[in-house]
Amino acid sequence: MRIPLDYYRILGLPIQATDEQRSQAYRDRTLQLPRREYSEAAIASRKQLLDEAYAVLSDPEQRSAYDASFLTKTYEQKPEVIALGTTGTGEGTDTASDPHTPSIEIKSDQFVGALLILQELGEYELVLKLGQPYLGARDSISLDKGRLGNPQQVRPDIVLTLALACLELGREQWQQGQYENAATSLETGQELLLREGFFPSVRGEIQADLYKLRPYRILELLALPEENLTERRNGLRLLQEMLQERMGIDGTGDDQSGLSIDDFLRFIQQLRGYLTAAEQQTLFETEAKRPSAVATYLAVYALLARGFAQRQPALIARAKQMLMRLGRRQDVHLEQSVCALLLGQTEEASRALELSQEYEPLAFIREHSQGSPDLLPGLCLYGERWLQKSVFPHFRDLANQKASLKEYFADEQVQAYLENLPDSSGESNEWTVVQTQKAAYATAASSRSFNEPAAFGRTSSRPTSEEDSRFSRDGQQSVSSMFNNSLGDSAGARSQWGGERGSTGVATSRTATLGTASVSMPTAQRVSPTGSPGETTITGLPGESSSKSSRRQRQGKGGSDQPTPPLAGGDSVPKTSSGSGVTLDRLTPGRLQRLPDKSKSSTKFKRLILLILGGLVGVGLLAWLLIGTLSWFQKTLQRFSGPPLEGEQPLVQLTQPPVAIPEPGTQMLAPEGPLTEQTAEQVIQSWLSAKSLALGQEHQVDQLQQILTDPALSTWQRRAQTAKRDNIYGQYKHVVKVNSVETNPANPDQARADAAVNEVAQFYENGQLNQSASYDDNLRVRYDMLRKDGRWLIRDMAVLR
């Protein structure tokens with residue numbers, strides 16, 4: 001039989017090769033043995049072809065005759081052959097269709113060796129074309145009759161060659177960005193091995209490549225137009241398989257893709273732009289039930305985007321409920337405020353805004369609320385820009401859609417829903433945080449968790465339940481911080497609060513300003529298109545009592561003795577001829593406010609309360625002065641007499657410290673018996689000193705081994721290496737007080753310490769102080785300790801408050 005090969009290609013030589021090059025190539029090809037899975041017969045067949053090629057090209061006469069035939073075959077063509085020649089693909093895999101491809105005559109038992117050489121030369125498609133027929137129903141008969149050699153050896157060799165060709169072809173297509181074609185090639189090889197039942201190790205290699213290829217396939221399939229329903233559904237199916245194997249977006253499972261948690265979060269962020277709002281809602285709401293804090297946060301984005309773009313306030317109400325669950329352990333009050341704003345609940349929006357510690361957005365909101373008694377004008381502008389710049393771009397069907405609050409509130413469907421929205425004053429209580437949580441939010445705009453350097457996050461998160469434990473294992477980062485920083489979002493989910501940052505820190509908006517041409521209404525009020533064309537009127541407020549609504553109607557009809565409360569700038573509420581409310585076009589952002597209803601009796605009552613409080617403050621001030629005076633007299637008397645010393649006094653010598661101080665770098669040995677508070681404090685101090693060195697300017701990462709053990713050791717080593725790579729270091733000051741120590745009754749070498757830690761940190765990035773990342777935190781930390789080789793080591797730690 002003839003095979004599309006030539007002697008030069010068999011040896012890997014050009015036609016101009018010298019004798020020395022020919023000899024060297026022959027030696028190299030002989031030493032380069034194929035995979036060990038091949039049979040001895042296949043290796044011998046390959047060796048025969050190498051010997052034959054070397055013998056022909058080494059003999060001058062045979063080489064001259066071969067070159068003449070080779071060149072004639074390659075370059076000379078008959079005119080009629082030129083007209084009917086090849087299509088120009090350059091593959092030349094069939095001598096019948098391309099008569100100018102060099103070929104040689106081989107014996108039947110050398111077929112496997114020829115396939116093996118073609119596979120080594122990278123002719124993967126040619127190998128598949130030549131070898132697959134012998135595994136078919138018709139040609140397998142000739143294979144079983146032994147025409148190519150011993151069937152028990154030849155068949156596995158052909159299967160192995162084809163499988164390896166599929167593997168290498170898939171990798172080649174992978175490198176070229178043809179991910180689905182690569183998957184098809186790999187799956188072809190895997191199915192062949194499964195059908196024949198050969199070579200499980202090769203099948204494992206193919207399966208490993210399929211796992212690693214899966215994220216690329218998902219991106220390629222989801223990037224297809226929405227008309228390709230079958231392909232996009234296949235991409236979503238592969239994504240769900242990955243999420244199931246990983247046990248969620250922030251899960252600890254292994255999908256064998258090689259992606260770490262941070263890498264997978266970046267992958268999720270990258271594919272969001274290929275998914276519609278409905279697809280993201282379905283996906284992330286399902287994932288949020290695991291539970292998953294990251295999926296909950298992404299589901300909120302999808303619900304908000306769909307609710308606003310498709311005028312479905314019910315979806316926004318669902319997003320608000322999900323944010324309430326997240327708000328118990330992190331600062332998402334800004335998003336809560338926007339949700340309340342879109343639901344027309346301005347009092348709740350204001351309360352949530354007061355709890356937020358997002359300094360830059362709050363500064364933007366305050367700047368655009370000047371002249372107004374509240375922050376609603378700035379919140380309206382911020383919410384519109386936030387939806388336009390930070391929410392819509394992450395959905396393929398909303399990326400080019402304009403966000404307009406005016407159009408949203410003017411929609412009849414939205415107005416009907418908001419009119420029937422029940423009073424949510426009870427729900428708003430869930431937005432209130434305890435004083436310690438509020439103080440924790442106020443300490444920094446960057447990550448302030450004790451278990452995570454502040455330079456690596458934006459806000460802190462302190463989980464308090466089992467539901468949060470999985471998400472918080474790497475330093476209790478907040479969802480928004482972990483998601484935005486780990487995914488490499490250049491703008492961040494909330495950092496685009498004022499557009500792209502310029503030299504002034506606030507960029508101009510691409511959307512319309514909140515003037516008469518855009519959104520210029522108190523969102524607490526209902527918007528109904530009952531006015532004249534081009535004019536929208538404002539009617540009743542959601543959640544207000546019927547007495548207030550009727551009183552407001554009487555004011556519109558002139559039936560009340562109370563004067564109309566002035567708006568910002570001293571203007572009064574303009575009355576319409578119909579008495580139905582205030583025209584939208586006449587209200588400017590400076591006039592956005594809730595209209596108060598105060599009576600004379602309430603004013604007198606408030607004055608009385610102020611007088612009583614003033615009297616109490618005065619009495620307290622006099623008592624404080626009296627106590628201070630008595631204390632001063634007491635200290636003065638003690639200064640002359642000296643304080644008495646009670647009990648037996650310790651013997652303190654100036655030549656040696658009262659407590660043994662270990663030398664720097666030495667390992668502190670732990671005494672036998674249970675862990676004491678004194679030893680626990682020394683262990684914690686040693687840990688904090690090692691942390692200061694590992695994350696300090698010198699990045700002495702090896703210091704962590706002196707006091708930590710896994711899993712804490714590997715976690716902090718990884719963080720220290722990341723800080724060193726990013727040229728970030730911190731300067732720390734610590735004050736420690738151990739509250740309690742518990743020793744495991746079943747194992748005295750295991751203990752747990754509860755300590756109050758004051759940590760002051762200043763972070764430097766590229767040599768410059770990062771003030772926003774620096775912090776001063778008072779924390780309550782739980783340390784799990786393990787005694788190993790006579791010394792206590794910290795195994796794990798968690799921030800309790």
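Colleague: Let me start with a loop: where is Asn-766 found?

Modeller: Asn-766 is in the loop between strand S7 (750–765) and strand S8 (768–788). Helices (H or I, at least four residues) and strands (E, at least two) are DSSP runs, numbered from the N terminus. This is a predicted model, in which local features need pLDDT of at least 70, side-chain atom pairs count only at pLDDT 80 or more, and totals for chains, interfaces and linings use all residues. Residues are numbered from 1 along each chain as its sequence is written, and side-chain values use heavy atoms, with hydrogens and water left out.

Colleague: Is Asn-766 buried or exposed?

Modeller: Buried means under 20% relative accessible area, exposed over 50%, and partly exposed in between, with a 1.4 Å probe and protein chains only. Asn-766 has a relative accessible area of 52%, so it counts as exposed. Its phi is positive as well, about 55°, although Asn-766 is not a glycine. Phe-199 also has a positive phi without being a glycine, near 50°. That residue is in the loop between helix H10 (179–196) and helix H11 (200–222), and Phe-199 is buried, at 15% relative accessibility.

Colleague: And which peptide bonds are cis?

Modeller: One joins Arg-290 and Pro-291, with omega about 10°. Pro-291 belongs to the loop between helix H14 (277–288) and H15. Another runs from Asp-710 to Pro-711, with omega near 10°. Look for Pro-711 in the loop between helix H28 (677–694) and helix H29 (712–725).

Colleague: Let's zoom out. How many helices and strands has the protein?

Modeller: There are 29 helices and nine strands. The protein has 801 residues, and 47% of them count as buried.

Colleague: How do I read a pair of packed helices? At what angle do H15 and helix H16 pack?

Modeller: Two packed helices are described by the angle between their axes and the distance between the axes. The axes are lines fitted to C-alpha atoms, for helices over the stretch in contact, and the angles run from 0 to 180 degrees between N-to-C directions. H15 and helix H16 (residues 313–327) pack at about 155°, with their axes 8 Å apart. The pair is therefore roughly antiparallel (under 35 degrees is roughly parallel, over 145 roughly antiparallel, 65 to 115 roughly perpendicular, the rest oblique). The crossing of H15 and H16 is left-handed, a label used if the near helix is turned anticlockwise from the far one by less than a right angle, with right-handed for clockwise.

Colleague: Which residues in H15 meet H16?

Modeller: On the H15 side they include Ala-293, Thr-296, Val-300 and Leu-303, while Met-322 and Leu-326 are among those in H16. Sorted by class, that contact has 14 nonpolar, two polar and two charged residues. Here Ala, Val, Leu, Ile, Met, Phe, Trp, Tyr, Cys and Pro are nonpolar, Asp, Glu, Lys and Arg are charged, and the others, Gly among them, are polar. Thr-296 is buried, at 8% relative accessible area. Leaving out residues up to four places away in sequence, Thr-296 touches Ala-288, Met-322 and Leu-326 (contact means heavy atoms within 4.5 Å).

Colleague: What about H19 and H20: at what angle do their axes cross?

Modeller: Helix H19 (residues 359–367) and helix H20 (residues 376–391) cross at roughly 125°, and their axes come within 7 Å. That makes H19 oblique to H20, and the crossing is right-handed. Pro-361, Phe-364 and Ile-365 of H19 make the contact with Gly-378, Leu-379, Leu-381, Tyr-382 and Arg-385 of H20. Its residues are six nonpolar, one polar and one charged.

Colleague: Now the inside. How many residues has the largest nonpolar core?

Modeller: In soluble globular proteins, nonpolar side chains tend to be buried together. A nonpolar core is a set of buried Ala, Val, Leu, Ile, Met, Phe, Trp, Tyr and Cys residues joined through side-chain atoms within 4.5 Å. The largest one here has 73 residues, and Ile-249, Phe-267, Ile-268, Leu-271 and Leu-342 have the most contacts inside it. Helix H15 (residues 293–309) gives the most to this core, with 14 residues. A second, separate core has 58 residues, including Val-112 and Leu-118.

Colleague: How many residues of helix H17 are buried?

Modeller: In H17 (residues 333–342), 10 of 10 are buried. Glu-335 and Leu-342 are among them. Gly-344 follows H17, with a positive phi near 75°.
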